[in-house]
Amino acid sequence: MSEPVRYRRERIDRGIKVRADTVFVLATLRDMTYLFLPRFLPVLALLVLPFFVSGGYWEKVLFYSCMFALLALSWDLMASVGLVSLGQALFFGVGAYISGGLNHYLKMPIYLSIPLATLAGAFFCTLLLVSVLRLRGVYFSMVTLILPLLFAHLIETLDILGGTHGLLSLTPFPSGWLAMYLGIFAVIICLFGFRKLINEDFGLVLKGIKDDDRVVMAGGINIYWYKAQAIFIAGGVGCFAGALMTHYYQFVGRSVFALDYTVLPLASAVLGGPGSFAGATIGTFLLVPLSEVLRALGGLRMALYGAILIAALVILPEGLFHYIERKYHQFERDVRV
Amino acid sequence: MEIFIYGITNSVTLALIAIGFSLTFGISGVPNFAHGAFYLLGGILTWIFINQLGIPYLFSAILAIIIVGFLGFILYWGLMLRLRGLVINEVIATLAAAIVIIEVLRYLGFSGFTYVLPEFIKGSVQIGKVWLDYQRIFLVGIGIVLILFLYLFTHRTRVGLSFRAIAQNERTAISLGIESDWTAALSLAFGSALAVVAGLAILPLGSIDTEVGYDILIYALAVGIVGGLESVPGILLASFILGFSQILVATFFKAQWLTVVTLAAIVIILAVKPSGIFGKYKELEERV
């Protein structure tokens, strides 16, 4: 009786990757393109895209995608510290309401209200979450799930900040281009900044806290200080997105605390691959335009995000980005066992 | 007197809502964030059975309970089994499942005054100065029976004990011959079925609104967290604390404060004592 022939799949780094990783002086143009093309092309695409969609309906979609990309990036930063948030709407809403309030009540111009909202919002969110920093895993997630709801209800009940009507007729951007490029540059800076940050010493501590917080504590590092810093950065990014959106729409209402601003960033980060930041960005730039194409479905879009979230969790848990990255760096072959 | 009677009915309502959720998430450690969605789905299925297919009320109710219980079982085998152990992913997946169910129901338009479930017995009775309809009395009765059942079930029967076992220590449970996957799936099925029972008791008091799906989850979460997820006396105590404080707030301030109280209770308890008033098992894993 003969044994059946069996194969196993083997993955090997491409030669060019090995060379580009280890040799510090890049010799050939090919090596350089190999390294820079995947970084350069998306940036170029983002910078050029507004010219193609300007003035139309898709301009709004592009702006919208940038805002969600910022939220997804801030989710991913928190997730890499092990703080899985189920309420990015908290950051978004706090930023939106602070900048809207400053503009509406104090008549602040937008070049003051947006930076102020970013900083003050980040401080506010950090202070809010400092009390629950000791919580781990699912307990932290539950707090973040509840907080945006709490704020939405508080605003409705106390009838402050415009109550159920919201704050209307806020100062718009002087031109659509400014808003668009503010959004795009913010996405690019956050994307590459976060990718750099997570590989610095600071980022290593953050990843360490995610993997095993007690070991990091035993190393004599104050993990709460690091967690607070991470929340401050993530909160700032989320609040900035909220503030931009407020002035773009010239309106802020309770809808900024809605489930959309939680589920979509979450779905895009999970679809794209958590922990890589690039994945979260790719995810949003796939999901947001997709949802606009499917606008005819109306309320079903939320259901669709849910379905995508489930599918991504079950079918491709590593995420799109890690899958593409693997295909780019490695080749596969079947080896006879 | 009014406050007392409404407080009791409100508290038992909360307890009813929380029982199924606590059975899955608290007692056997399987997060079921689709609890509110199942509650809603059960109500709507019953409505369809009665009004579109003409099945008698009792049979439609039983049918809905069985179908949703089975859906809970499928949710475990089809989805959660692949994510088992990654608690966060389990939470995200069930929350996503809840969103899918609720939003599809909303899209199909199952909301508004046409969608009313029949009361068990129509009419009302006067206690002191307060008129109380029979449905609320039934509700209190069902609530008390279910809480007693839950306590006896988790402390006296083999299946109930194994539910608690896999939450405490899954490996030890397996080594003692408890099939942990089977038990977890069963507990999800039980929890979903209990959600429908709660829905059938509570929904006749008003019309069905899809938004309820999210609210129910929050109430269940609130009761579960305040009382301590794995403890039956905790559920009872927490629903009385929350129920009476809601009624007090609604009587002396505005009705909108009701939800704020609930949400604030969750956040405060999570910040101060995440395992809840009666919780014991999980004190080591919940915080550093």
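This is a predicted model: local features need pLDDT of at least 70, side-chain atom pairs count only at pLDDT 80 or more; totals for chains, interfaces and linings use all residues.
View 1. Welcome to the largest nonpolar core, a set of 200 residues. The residues with the most contacts inside this core are A:Leu70, A:Leu73 and A:Leu309 from chain A, together with B:Ile19 and B:Val223 from chain B. Let us zoom in on A:Leu70: leaving aside residues up to four places away in sequence, A:Leu70 touches A:Ala186, A:Val187 and A:Cys190, and also A:Val237, A:Gly238, A:Phe240 and A:Ala241.

**View 2. Helix α7 of chain A from end to end.** This helix covers residues 176-199, which makes 24 residues. How far does α7 of chain A reach from its first C-alpha to its last? The distance is 35 Å, close to the 34 Å expected at 1.5 Å a residue. Buried positions in α7(A) include A:Ala179, A:Met180, A:Gly183 and A:Ile184. Further along, A:Ala186, A:Val187, A:Cys190, A:Leu191 and A:Phe194 are buried too. An α-helix has 3.6 residues a turn, so residues three or four places apart point the same way. Which helices do the buried residues of α7(A) pack against? They are α2 (29-53), α3 (57-79), α10 (223-249) and α12 (278-293) of chain A.

**View 3. A positive phi at A:Lys107.** Have a look at the loop between α4 (88-105) and α5 (110-130) of chain A, where you will find A:Lys107. Although A:Lys107 is not a glycine, its phi is positive, at about 55°.

**View 4. A positive phi at A:Gln250.** A:Gln250 sits in the loop between α10 and α11 (260-272) of chain A. This residue, not a glycine, also has a positive phi of about 55°. A:Gln250 counts as partly exposed because it has 15 C-beta neighbours inside 10 Å.

**View 5. Where the two domains of chain A meet.** Chain A is divided into domain 1 (13-53) and domain 2 (56-331). Their C-alpha centres lie 28 Å apart. At the meeting place, 10 residues of domain 1 of chain A are in contact with 12 residues of domain 2 of chain A. On the domain 1 side, α2(A) gives the largest share, with 7 residues. Sorted by class, that side of domain 1 of chain A holds 7 nonpolar and 3 charged residues, and no polar ones.

Notes: Residues are numbered from 1 along each chain as its sequence is written. Chains are lettered from A and ligands numbered from 1 in the order in which they are written. A nonpolar core is a set of buried Ala, Val, Leu, Ile, Met, Phe, Trp, Tyr and Cys residues joined through C-beta atoms within 7 Å. A residue is buried if 20 or more other C-beta atoms lie within 10 Å of its own, exposed if 12 or fewer, and partly exposed in between; C-beta atoms are placed from the backbone. Two residues are in contact if their C-beta atoms, placed from the backbone, lie within 7 Å. Helices (H or I, at least four residues) and strands (E, at least two) are DSSP runs, numbered from the N terminus. The expected span of a helix is 1.5 Å times one less than its number of residues. Domain bounds come from an automatic or database domain assignment. Ala, Val, Leu, Ile, Met, Phe, Trp, Tyr, Cys and Pro count as nonpolar, Asp, Glu, Lys and Arg as charged, and the others, Gly among them, as polar.
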